[in-house]
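Good morning. I would like to present a structure and go through its packing and its chain contact; please have a look at the model first.

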Amino acid sequence: MSKAASMFRSKKLDLSGFVNTRLIRDHNKRNAFEQMEPERQALRYMIRNTTLPQRVRAQAQLQLSQMHVYTRPTQIKNRCVASGTARSVFRDFRLNRFQFRMQALAGELPGVKKASW
Amino acid sequence: MFSYTTRSAIGVGKRLRVPVPVRSLSSPSLPNAPSPEPATTTQAGPAPALATGSPDAEQPSEPRVKEWSQRLRALGEDTRLPRSVQAIYSRPLRRKAEYGLPVCDLQLRSYSVQNVEFFADFAIRAAYYLNLPASGPVPLPRIVERWTVPRSNFVHKKSQENFERITLRRLIQIKDGNPQAVQAWLAFLRKHAFYGVGMKANVWEHDSLDVAKSMDASLPEVEKTLRPHLEQFGQRHDNSADRSIFDVLDSDRFAERKNL
């Protein structure tokens, strides 16, 4: 199994809207994790199952550690859909704080308005 | 005074009607013939009015439409609106619940008061005409979400801005209604869904105390419908061979999902 990240890249661009190299990379990571999740879970179960022979568990550990980095859930990072920024992204809107402010002031987010209390 | 202003408004409309044929003549409807002469011959109706241009030629001898004041008086005296239309101007009618057994809880959510109030009113009126006793709308607590963001860069943390989103909720409860009528009501509301208003319904169905007997009676039919689904369960023959778990993980069947 080659370790190149290009194996998770789709032939055609399968994202729309704002597109960024880092956004595409994150998207590929999400796809990779989704595809390989059953295998990861099976191996994790084998590693933790004390009734299995020690050899099998060690083998499972090796296999799990040799899987591609992109298949790990920790690789996934929420990114702003409007600017691709990775910092201070609101989960509710999938927007960066700055993009959120601009769109809220422009009235593009339903129900969001300036608060004062 | 009122009739005078309306009459003057009608006069403005008449005067405005004159430039319309002029624009249609000047527009190149016939690209081969840009001159206005063939167009005037084809359009016989408005052309003489344009050619004369005098306002007294346009005035009809007898007004075809009655004055507004006359029409309004006739509407007030001679006719009346249908009762269902009249009911719109008063509070919604309600059926009385006989037993008070809740059947359906409908929650309406919106960010604007007008939308949610209007649609709650609409839903209650629809329930009346479907013979469903409805109670409400009960104003449930508002959901307030607030966000504070810096106005600009990280350095200028002192200057921030607050945003909020307030979700308004209304609860409409249907009591001891026919389940089919409740379904029809919900379908009607979904068909005429109002913009910016979300709906969520909890529906309860009640059965007699002999429900166990009826469930037993319906068991063969349920089993028949479930059989194709249950046949999918169990271990495959080609899977029961003496193979290690790693062979299984590497097998084609397992790798199907990966599509790499």
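**Cores and contact in a predicted model**

I begin with the largest nonpolar core, which has 18 residues, with Ala123(B) and Ile174(B) making the most contacts inside it. A nonpolar core here is a set of buried Ala, Val, Leu, Ile, Met, Phe, Trp, Tyr and Cys residues joined through C-beta atoms within 7 Å; buried means that 20 or more other C-beta atoms, placed from the backbone, lie within 10 Å of the residue's own.

This is a predicted model: local features need pLDDT of at least 70 and side-chain atom pairs 80 or more, while totals for chains, interfaces and linings use all residues. Residues are numbered from 1 along each chain as its sequence is written, and chains are lettered from A, and ligands numbered from 1, in the order in which they are written.

Leaving aside residues up to four places away in sequence, Ile174(B) touches Val103(B), Cys104(B), Ala127(B), Leu132(B), Pro133(B), Ala134(B) and Val182(B), where contact means C-beta atoms, placed from the backbone, within 7 Å. A second, separate core of six residues includes Cys80(A), Leu95(A), Phe100(A) and Ala104(A).

I turn now to the chain contact. Chain A contributes 21 residues and chain B 17 residues. On the side of chain A, α1(A) supplies the largest share, six residues. Finally, β3(A) and β3(B), residues 160-175, run antiparallel and are joined by three bridges; strands, which are DSSP runs of E of at least two residues, pair if DSSP finds at least two bridges between them. Val112(A) stands opposite Arg165(B).

Notes: Two residues are in contact if their C-beta atoms, placed from the backbone, lie within 7 Å. Helices (H or I, at least four residues) and strands (E, at least two) are DSSP runs, numbered from the N terminus. A residue is buried if 20 or more other C-beta atoms lie within 10 Å of its own, exposed if 12 or fewer, and partly exposed in between; C-beta atoms are placed from the backbone.
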